[in-house]
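Colleague: I have a new model open and want to learn to read it. Can you take me through it feature by feature?

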Amino acid sequence: MQDPIVGIDLGTTNSLVAFADARGPRVLGPGRGLVPSVIRIDDGGVVVGERARVERAHHPHTTAASVKRLIGRSAAEVRDAGAPQGLHVVDGPRGLAAVGLADRTLLPQELSAHVLRELARIASVDLGVAVRRAVITVPAYFDDGQRQATRDAARLAGLEVVRIVNEPTAAALAYGIGRGHRAAETVAVFDLGGGTFDVSILSVIPGDGVGLNGEFLQVLATAGDTALGGDDLDAAIASEFLPRYEAWLGGPPTLHGMELLRAAAERAKCALSTNDRATERLAHAHGFFELVLDRDLLEVLAAPFLERMAACCRRALSDAGVPTIDRVVLVGGSTRIPAVRELARRLFGVEPYTALDPDVVVALGAALQAQVLSGGRTDLLLMDVVPLSLGIETAGGAVAKMIVRNSAVPARATEMFSTGVDGQTAIKVHVVQGERELVNDCRSLATFELRGLPPMPAGIPQVQLDFMVDANGVLAVNAVERRSGRRAQVQVVPAYGLTADEVDRMEADSLAHAREDMHAHRVIDLIVNARLDISWIEDARTRAAALLDTAYLEELEGHLTRLKGFMALAERSPGQVDADAFHAAKDALDRASMRLHEAAIVQSLQSMDRGSKGPVQP
Ligand code: AMP
């Protein structure tokens with residue numbers, strides 16, 4: 001690889017660097033790759049990222065954060081808007097906003113340059129070559145001065161900016177929107193982070209066209225609120241619990257106590273994105289204070305913030321002058337909150353995209369734009385057909401294919417499934433991709449659970465599974481249990497991480513193993529069905545034995561023993577078992593059990609009869 005171009009999301013709170021090659025885009029660096037946009041400069045040198053963030057409280061006068069809020073703006077403008085907390089804003093050259101750090105005065109671009117240099121270092125280590133070129137994202141509302149200041153920051157960091165891309169555009173690109181589309185489309189990008197909310201309305205330029213600024217998408221309108229984010233919800237939760245906390249403490253908390261309460265509020269909020277209820281404990285010398293939050297309370301506390309977001313969205317929609325929105329992309333950690341997703345769905349009238357991690361989607365899109373600009377192949381993203389079959393894991397590790405390879409997109413399939421065990425209250429759905437018959441030979445895409453089912457006998461719940469691959473290749477899987485109405489959903493981008501070679505290899509593998517795979521799948525199905533048959537038959541036999549003669553019971557026992565023998569062999573060494581003979585043994589038992597089932601019905605009728613004779617005499 002020579003002189004790669006990386007994609008950088010230079011964020012207010014966190015920054016990331018990503019790279020895209022034939023395997024798709026990925027975030028570079030250790031862990032999730034998030035680098036806090038926090039910089040400490042003192043006589044000891046420069047510290048950037050996680051360490052600067054964690055140690056900030058000990059070095060308040062030499063640490064800067066949120067400098068993106070100042071970049072390219074005048075000091076007067078920043079003061080009017082209310083300077084970010086904890087930043088000492090001073091007048092820089094030409095009235096520009098600068099940051100006072102101890103006895104130094106630094107421009108935001110100088111501080112951002114340190115973050116960019118750190119990202120370039122991380123990328124160089126990860127890719128094993130020096131990284132000198134980047135696509136950098138900025139908010140859609142950044143003016144020329146703010147964009148130029150961002151370019152200057154990169155230059156100071158020794159990076160050539162190949163292009164500045166709007167953040168919402170990058171987020172849409174990460175989902176494959178805006179490349180090679182035939183028809184015009186409108187896209188809403190809903191970005192709710194820790195401290196800010198932005199909504200942008202974009203329009204896809206059809207075909208392979210690019211707009212004036214070289215993008216595939218044009219920004220029609222933006223709206224937002226620079227003081228609205230997840231942090232505000234944390235503060236609202238903390239205020240709600242403050243009176244109880246004070247009562248428990250026997251007086252007002254210290255600053256440290258307040259911070260503990262706020263942190264517990266944030267943890268509870270995040271837990272509620274996947275659970276219905278969250279309990280956080282605050283440890284004190286004399287015991288624990290418990291903060292118990294449920295979704296209803298969270299939604300009450302969030303309501304005023306949701307209303308402000310809705311107002312911004314309505315403004316953006318009316319400014320953009322578009323009648324409908326075709327796609328919605330979610331960006332920012334706070335869009336994991338179910339009520340926020342629901343708001344986006346309601347306002348724009350479409351199911352939002354959630355397949356990608358909302359914290360990294362902008363960086364992934366920047367990396368894809370970088371790949372386009374470096375002349376790398378991009379055809380992998382243009383999914384006209386589903387490259388590999390999509391399906392789910394069924395009992396015993398077999399795969400039920402839902403959408404077969406080479407289906408044209410958009411593609412859709414619906415199937416009914418049920419449970420294999422009595423009283424099951426949760427069903428795990430495992431979505432896989434590949435041509436082989438067994439889960440272990442396919443690629444796992446996602447798992448999710450349909451929970452809260454009322455206990456029912458095996459085979460009774462009716463689970464409807466819907467697979468939908470849309471024009472951008474995003475797969476949405478919906479599961480609904482029809483009796484209880486319980487639902488669950490997951491989204492994935494099946495094309496990411498696959499090269500054309502891998503697709504070819506997986507197809508060739510499936511041909512090479514076709515026979516043995518078919519055999520294995522058939523044996524698994526036989527085991528699952530035989531187990532159900534045996535349990536029903538043994539159960540009926542216990543109930544109806546009195547009505548049957550010994551010769552018949554012996555014949556039945558013979559069939560059961562034979563089938564159990566096949567099952568034991570199939571479980572021990574599936575390759576050895578003769579599937580036809582196994583099948584015949586199961587059929588023989590099924591036929592022989594007809595008399596038993598009739599007897600079981602007679603037996604049930606008799607016991608109902610006995611039961612209806614009126615009250616038992618004393
Ligand atoms: P960002 O600025 O995009 O990194 O978003 C950070 C915000 O997302 C913070 O307010 C977090 O509390 C919030 N956040 C992160 N994960 C979750 C989650 N699982 N549920 C709700 N909010 C979250």
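**Reading the model**

Modeller: Start with the inventory: the chain has 15 helices and 26 strands. Keep in mind that this is a predicted model.

Colleague: What box do the C-alpha atoms of the chain fill, taken along the principal axes?

Modeller: The box is roughly 105 × 65 × 50 Å. Within the chain of 618 residues, buried residues make up 50%. Buried here means under 20% relative accessible area.

Colleague: Now the sheets. How do strands of a sheet pair?

Modeller: They pair through backbone hydrogen bonds, either parallel or antiparallel. Take one case here. An open sheet is built from four strands, in the order β21-β24-β25-β26, with antiparallel pairing.

Colleague: Which are the edge strands?

Modeller: They are β21, residues 411-417, and β26, residues 487-492. Each of these pairs on one side only. On average, neighbouring strands of this sheet are turned by 15° against each other, direction ignored.

Colleague: How many bridges join β25 to β26?

Modeller: Six, and the two strands run antiparallel. β25 covers residues 475-481.

Colleague: Which strands are joined to β5 by bridges?

Modeller: Three bridges link β5 to β7, residues 63-65, in an antiparallel run. There, V38 stands opposite A65. Four bridges link β5 to β6, residues 45-48, and this pair also runs antiparallel. In that pair, D42 faces G45.

Colleague: How many residues lie between β5 and β6 in their hairpin?

Modeller: Two residues lie between them.

Colleague: Let's turn to helices. Which way do residues three or four places apart point?

Modeller: An α-helix has 3.6 residues a turn, so such residues point the same way. Now check burial on a real helix. In α5, residues 167-174, eight of the eight residues are buried.

Colleague: Which residues of α5 are buried?

Modeller: They are E167, P168, T169, A170, A171, A172, L173 and A174. Just after α5, look at the backbone of G176: its phi is positive, about 80°.

Colleague: Where do D3 and R94 lie?

Modeller: D3 sits in the segment before β1, residues 5-9. R94 is in the loop between β8, residues 89-91, and β9, residues 97-101.

Colleague: Is R94 buried or exposed?

Modeller: R94 is exposed, because its relative accessible area is 75%. D3 has 28% relative accessibility, so D3 counts as partly exposed.

Colleague: Which peptide bond is cis, with omega near -5°?

Modeller: The bond from V409 to P410. P410 lies in the loop between β20, residues 398-403, and β21.

Colleague: Last, the ligand. Which of the 15 residues around the ligand come nearest?

Modeller: G194, E266, K269, S273 and G333. By class, the shell holds two nonpolar, eight polar and five charged residues.

Colleague: Which elements give two or more residues to the shell?

Modeller: α6, residues 230-249, and α7, residues 255-271. α7 gives the most, with three residues.

How values were computed: Residues numbered from 1 in each chain as written. Predicted model: local features only at pLDDT ≥ 70, side-chain atom pairs only at ≥ 80, totals over all residues. Heavy atoms only, no water. Pairing = 2+ DSSP bridges. Axes fitted to C-alpha atoms, helices over the stretch in contact; angles between N-to-C directions. Near = heavy atom within 4 Å. Nonpolar A, V, L, I, M, F, W, Y, C, P; charged D, E, K, R; others polar. Buried < 20%, exposed > 50% of the residue type's maximum accessible area, 1.4 Å probe, protein only.
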